[in-house]
Amino acid sequence: MSTFSGGLLLSFDKTIQDKSIEQVPLPKKMVIPLKQYVGVPCEAKVKKGDEVRAGQVIGESANPNSIPTHATTSGKVADIVKKSPHYKGDYVPAVIIEPDGKDEWIELPKASGDYLQKSPDDLLNLIRQAGVADFDVDSIPLPTKLGQAKEKSINTLIINGIDIEPFLASRYRLLVERTQDIASGIEILKKILGVSTIYIAVSEDIPALRSAITQNATRIVTLKAKFPQALEKLLVKSILNKEIPPEGTASDIGASIHDVETVLAVLEAVRDGKPVIEKVFTLAGDGVNSPKNLRARIGTPIDHIVQYSGGFRGTPGKLIIGGPLMGIAQYTTEIPVTKETLGLFIQPEAELTIISTQKCFNCGMCVRACPARLLPHVISAYCEIGEFEKAQDYYLSCCMDCGCCSYVCPAKIPLFHWIKYGKLQIAKRVEE
Ligand code: SF4
Ligand code: SF4
């Protein structure tokens with residue numbers, strides 16, 4: 001089985017894969033950020049006191065690299081705030097909605113069976129109107145990503161069915177529960193991109209998927225269950241045995257990669273005219289009473305999700321959006337679910353890693369684990385002392401943010417923390 005160098009073979013409890021996706025009930029208050037992707041935020045198109053319905057556009061931007069924001073249930077706009085905490089640590093504007101409990105929708109266009117007759121541009125337009133983002137680590141508006149791919153010579157479509165981290169299982173569940181819809185969504189992406197070679201990457205083969213997709217040219221590739229296989233650069237390496245250039249994307253080597261949830265959002269946008277109002281993710285970790293695979297309305301506060309799942313188990317230590325290796329720790333449970341929520345992970349206080357002040361003793365374990373073939377101990381040390389240019393000389397920007405280096409370090413040096421810090425500082429300097 002073809003794979004990449006480095007990475008981690010982790011053994012963990014896989015029972016979460018057997019849990020069907022559950023719908024989270026509506027909360028009493030929803031916080032809907034006007035920016036849920038990498039790009040320009042939307043401007044609010046509603047005002048305090050307005051009544052809204054699910055699917056209604058509440059934010060938009062004229063910038064072509066943006067997608068609209070929709071109300072995710074019916075109710076009253078309680079406030080428009082300029083600074084709502086964002087999971088990456090900064091603030092974004094947001095619309096606060098008090099649900100009325102009726103969950104009324106705007107009138108959606110009639111479902112259309114002949115959507116594949118539409119032109120690629122018309123299909124892209126429907127995807128934009130529905131606010132579909134690429135539900136991956138750096139979530140960008142899908143029309144932007146597809147537009148960039150169309151400008152290059154794309155010949156391969158890769159559908160990513162591998163969960164971003166080992167403890168998360170939402171992509172696996174979508175593959176099992178919505179196999180036929182995924183097959184239909186792939187046909188739309190095929191038409192937009194004009195490709196004929198399609199792969200679906202899965203961590204373990206799923207027979208139902210195989211039988212549902214035999215009617216077209218799709219190939220199912222079963223990849224080694226090694227972290228962080230779900231990252232685009234490593235999918236391309238494992239499936240096509242090609243390397244994406246350091247500052248490049250998959251489209252530079254003729255491929256376009258989209259995860260299964262994005263494929264489903266494309267189908268619902270085009271076939272049903274349905275905007276993105278929900279997100280599927282896994283709530284995992286020993287710090288929650290009942291880990292689950294969940295579907296929640298965008299804007300649902302994490303506190304509500306935890307309460308629905310039986311509350312915290314023991315004293316909570318760390319709440320992470322994403323997974324324990326690549327995710328970002330949060331300081332408040334008021335952060336809402338967004339299009340960027342790939343998972344929620346709660347560590348109890350007793351499991352927290354104590355960061356040591358020990359120095360690196362050059363064991364080389366972080367180097368062996370690094371899938372980007374970098375020298376994490378060197379890059380991290382330069383970032384720690386503020387020598388960011390020197391860190392760049394060691395290819396800081398090629399780091400894939402996987403966290404493998406920190407995970408394996410026997411000295412418990414927070415390598416990934418310093419590397420992330422270095423990237424942030426460089427990004428700030430570029431902005432200035
Ligand atoms: S340096 Fe970056 S890519 Fe390499 S292991 Fe650390 S986090 Fe992953
Ligand atoms: S794993 Fe830790 S101790 Fe070993 S070389 Fe890397 S930073 Fe140094």
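Let's start with helix α6, residues 232–240. Its buried residues are Glu232, Lys233, Leu234, Leu235 and Val236. Buried means that 20 or more other C-beta atoms, placed from the backbone, lie within 10 Å of the residue's own. Helices here are DSSP runs of H or I, at least four residues, and strands are runs of E, at least two, numbered from the N terminus. The cover over those buried residues includes β9 (156–160), β10 (197–202) and β12 (255–259). After α6 comes Asn241, with a positive phi near 55°.

A word on the source. This is a predicted model, where local features need pLDDT of at least 70 and side-chain atom pairs count only at pLDDT 80 or more, while totals for chains, interfaces and linings use all residues. Residues are numbered from 1 along each chain as its sequence is written, and chains are lettered from A and ligands numbered from 1 in the order in which they are written.

Next, a helix pair. α1 (residues 120–129) packs on α7 (residues 260–272) at about 105°, axes 9 Å apart. Axes are lines fitted to C-alpha atoms over the stretch in contact, and angles run from 0 to 180 degrees between N-to-C directions. So α1 and α7 are roughly perpendicular, a label for 65 to 115 degrees. Leu123, Leu126 and Ile127 of α1 meet Val266, Ala269 and Val270 of α7. Contact means C-beta atoms, placed from the backbone, within 7 Å.

Now ligand 2. Its surroundings hold 14 residues, and the closest are Cys360, Cys363, Cys366, His377 and Cys409.

Last, ligand 1. Of 16 residues around ligand 1, Cys370, Pro376, Cys399, Cys402 and Cys405 come nearest. Around a ligand means a C-beta atom, placed from the backbone, within 6 Å.

Key
A residue is buried if 20 or more other C-beta atoms lie within 10 Å of its own, exposed if 12 or fewer, and partly exposed in between; C-beta atoms are placed from the backbone. Two residues are in contact if their C-beta atoms, placed from the backbone, lie within 7 Å. Angles under 35 degrees count as roughly parallel, over 145 as roughly antiparallel, 65 to 115 as roughly perpendicular and the rest as oblique.
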